[in-house]
Amino acid sequence: MYNLGEQFKFKTEEAKVNPKSVIQGNKYRITILTENLIRFEYNKSGNFNDLPTEKVWFRSFSVPEFSIREDDIF
């Protein structure tokens, strides 16, 4: 197979988000990507992967300022 070169290899480490931007529970994961972009994920088993998606390939943004408030709603 023809080698296309290093410039076409995908850097999978750049697809991973900074762990400081992640809020995770048993079955959900919320990632604060930017001040205007939040990613919500749900999985019954609680397993999540950090593979790039069609919309967001690189998630290694700087950590935006945010706060967490927990309520006993459920």
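Figure 1. The largest cavity holds about 30 Å³ of space. A cavity here is a set of points, on a 1 Å grid over the protein atoms alone, where a 1.4 Å probe fits but cannot get out. Grid points are joined across faces, edges and corners, and a volume is the space filled by probe spheres set on the points. Searching the whole structure for cavities of 30 Å³ or more turns up one. Its lining consists of V17, R29, T31, R39, E41, D50 and R59, where a lining residue has an atom within 4 Å of a point. Two elements, β2 (28–32) and β3 (38–42), each give two or more residues to this lining. Which class of residue supplies five members of the lining? The charged class does, alongside one nonpolar and one polar residue. For this count, Ala, Val, Leu, Ile, Met, Phe, Trp, Tyr, Cys and Pro are nonpolar, Asp, Glu, Lys and Arg are charged, and the others, Gly among them, are polar.

A note on reading all the views: this is a predicted model, in which local features need pLDDT of at least 70 and side-chain atom pairs count only at pLDDT 80 or more, while totals for chains, interfaces and linings use all residues. Residues are numbered from 1 along each chain as its sequence is written, and side-chain values use heavy atoms, with hydrogens and water left out.

**Figure 2. The strands of the chain.** How many helices and strands does the protein chain have? There are zero helices and three strands, and from the N terminus on the order is β-β-β. Helices (H or I, at least four residues) and strands (E, at least two) are DSSP runs, numbered from the N terminus. The chain has 74 residues, of which 19% count as buried. Buried means under 20% relative accessible area, exposed means over 50%, and partly exposed lies in between (1.4 Å probe, protein chains only).

**Figure 3. A network of salt bridges joins R29, R39 and E41.** A salt bridge is a side-chain nitrogen of Lys or Arg within 4 Å of a carboxyl oxygen of Asp or Glu. Between E41 and R29, the closest N and O atoms of the salt bridge are 2.9 Å apart. This pair links distant parts of the chain, with E41 in strand β3 and R29 in strand β2, 12 residues apart. Are E41 and R29 buried or exposed? Both are buried. E41 also meets R39 in a salt bridge, at 3.5 Å from N to O. R39 counts as partly exposed because its relative accessible area is 22%, whereas E41 counts as buried because its value is 16%.

Figure 4. The largest pocket has a volume of about 240 Å³. A pocket, unlike a cavity, is an open set of points, with protein on both sides within 12 Å along at least five of seven lines. I23, Y28, F66, S67, I68, R69, E70 and D71 form the lining, which by class has four nonpolar, one polar and three charged residues. Look for D71 and R69: their side chains meet in a salt bridge of 2.9 Å, N to O. D71 is partly exposed, at 43% relative accessible area, and R69 is exposed, at 70%. In the whole structure, the search finds three salt bridges.

Figure 5. Y2, L4 and F8 make a nonpolar surface patch of about 430 Å². Patches are made of residues with over 30% relative accessible area and no salt bridge; like charges are joined within 9 Å, and nonpolar side chains (Val, Leu, Ile, Met, Phe, Trp, Tyr) within 5 Å. Accessible areas come from the Shrake-Rupley method with a 1.4 Å probe, and for residues only the protein chains shown count as cover. L4 sits in the segment before β1 (22–24). Why does L4 count as exposed? Because its relative accessible area is 54%.

Figure 6. D50 belongs to the segment after β3 and is partly exposed, at 30% relative accessible area. The C-alpha atoms of D50 and A15 are 6.7 Å apart, although 35 residues separate the two along the chain. T53 lies in the segment after β3 as well, and its relative accessibility of 27% makes it partly exposed. From T53 to A15, the C-alpha distance is 8.8 Å across 38 residues of sequence. E65, also found after β3, is exposed at 77%.
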